[in-house]
Amino acid sequence: MTKANDLRQKDIAGVEAEVKSLQKAHFGLRMQKATQQLTNTGTLRITRRDIARAKTILGQKRASSTETKE
């Protein structure tokens with residue numbers, strides 16, 4: 001589980017990398033579920049929420065960086 005404070009300490013590129021790795025992990029879990037190899041289906045929900053958390057923080061960072069540039 002990714003903590004919001006950990007994501008806020010990263011720069012934009014770091015958060016983007018985190019989103020990408022979470023999406024890859026979520027895809028792998030979905031494939032395991034499709035082939036009925038996934039025993040704990042709750043991990044799908046956790047990774048989906050981690051992706052949403054990371055994307056929210058990424059949007060906040062992008063918004064704050066554009067405000068400082070203007």
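Glu-18 is buried, at 18% relative accessibility (buried means under 20% relative accessible area, exposed over 50% and partly exposed in between, with a 1.4 Å probe and protein chains only). The model is predicted: local features need pLDDT of at least 70, side-chain atom pairs count only at pLDDT 80 or more, and totals for chains, interfaces and linings use all residues. Residues are numbered from 1 along each chain as its sequence is written, and side-chain values use heavy atoms, with hydrogens and water left out.

**Salt bridges**

- The structure contains 3 salt bridges, each defined as a side-chain nitrogen of Lys or Arg within 4 Å of a carboxyl oxygen of Asp or Glu.
- Glu-18 pairs with Lys-10 at 3.1 Å, N to O; Lys-10 is partly exposed at 31% relative accessibility.
- Glu-16 and Arg-62 form a salt bridge at 2.3 Å, N to O.
- This pair links distant parts of the chain, with Glu-16 in helix H2 and Arg-62 in helix H3 (residues 42-69), 46 residues apart; helices (H or I, at least four residues) are DSSP runs numbered from the N terminus.
- Glu-16 is partly exposed at 34%, and Arg-62 is partly exposed at 41%.
- Asp-50 and Arg-53 meet at 2.6 Å, N to O, and both lie in helix H3, 3 residues apart, about one turn of the helix.
- Asp-50 is buried at 4%, whereas Arg-53 is partly exposed at 25%.

**Surroundings of His-26**

- His-26 belongs to helix H2 (residues 12-34) and is buried, at 12% relative accessibility.
- Apart from neighbours within four places in sequence, His-26 contacts Leu-44, Thr-47, Arg-48 and Ile-51, where contact means heavy atoms within 4.5 Å.

Terms used: Helix = DSSP H or I, 4+ residues; strand = E, 2+ residues; numbered from the N terminus.
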